Amino acid sequence: MTGGFVRAARASDAGGLAQVQVASWRSAFTGLVPDAVIEELTSAEAAAQWASRWRDAISAPPTSKHRVHVAVAEPGSPDLLGFAAAGPASDEDLWPATDGELYELHVVPAGAAGGHDGRLLHAVADTFAEDGFSTGYTWVLSGDEVRLDFLKAAGWAPDGSRSNLDMGVKVAVERLHTRVGSAGG
């Protein structure tokens, strides 16, 4: 693992978040999601919309428990290598007061070997604990073996929940969970 740092995202990071997201999707979704969907989600127009949404999410989060973390090579660097967004769980069968959700975790393909994904996941776990969440959840494309292996190695496990994303074709997803903090909370 090489060096790197994680900090809270700033509104000025929004364009960088969109760039990381687009690069990550182009790399990770190939072969799992139809090419036309990838093209639509990663077009210049879509990237501008993602940047606007990230700016809003950072500037005016729905709650104080909605957080965005960014990975950088060194403090003060404007170049983002990855990001994670997390907050209260959004699934109907979960309790948002005690269940947290990792909404997004993306690292630029060139930075994937740098340990930035692990640092971001640790930052999310730390804020889950700070915010009183006892369990963390996330959804993963069922065929994304790299992401599934990474999360399983970090202590996440499938909880048996499965669904489909409708992307013009059904794309299978599965939910993983992990315990945060001690059994007593």
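What is the handedness of the crossing of α1 and α3? I looked, and the crossing of α1 and α3 is right-handed (left-handed if the near helix is turned anticlockwise from the far one by less than a right angle, right-handed if clockwise).

**Ground rules.** I am working on a predicted model, where local features need pLDDT of at least 70 and side-chain atom pairs count only at pLDDT 80 or more, while totals for chains, interfaces and linings use all residues. Residues are numbered from 1 along each chain as its sequence is written, and side-chain values use heavy atoms, with hydrogens and water left out. Helices (H or I, at least four residues) and strands (E, at least two) are DSSP runs, numbered from the N terminus.

**Helix pair.** I took helix α1 as residues 14-28 and helix α3 as residues 44-59; their axes come within 8 Å and cross at roughly 125°. Axes here are lines fitted to C-alpha atoms, for helices over the stretch in contact, and angles run from 0 to 180 degrees between N-to-C directions. That makes α1 oblique to α3 (under 35 degrees is roughly parallel, over 145 roughly antiparallel, 65 to 115 roughly perpendicular, the rest oblique).

Next I listed the contact (heavy atoms within 4.5 Å). From α1 I noted A14, G15, L17, A18, Q21, V22 and W25, which meet A47, W50, A51, W54, R55 and I58 of α3. The residues of this contact divide into 10 nonpolar, 2 polar and 1 charged.

**Two residues.** Not counting residues up to four places away in sequence, I58 touches A9, R10, A11, L17 and V68. I also checked I58 against V124: they are 66 residues apart along the chain, with C-alpha atoms separated by 15 Å.

S24 sits in helix α1 and is buried, with a relative accessible area of 6%. Setting aside neighbours within four places in sequence, I found S24 in contact with F29, H106, V107 and P109.

**The sheet.** I traced an open sheet of 7 strands in the order β1-β2-β3-β4-β5-β7-β6, with mixed pairing (two strands pair if DSSP finds at least two bridges between them). β1 (5-8) and β6 stand at the edges with a single partner strand each, so one side of each is left without a neighbour in the sheet. Direction ignored, neighbouring strands are turned by 25° against each other on average.

Strand β3 (residues 80-88) pairs with strand β4 (residues 99-107) in the antiparallel sense over 7 bridges, and G82 stands opposite V107 in β4. Helix α4 (residues 116-130) packs on the sheet and touches β1, β2 (67-72), β3, β4 and β5; its direction makes about 160° with that of β4.

**The β6 end.** Strand β6 (residues 157-166) and strand β7 (residues 170-179) are antiparallel, paired over 7 bridges. They form a hairpin with 3 residues between them, and G168 in the turn has a positive phi of about 90°.

Technical notes
Nonpolar A, V, L, I, M, F, W, Y, C, P; charged D, E, K, R; others polar. Buried < 20%, exposed > 50% of the residue type's maximum accessible area, 1.4 Å probe, protein only.
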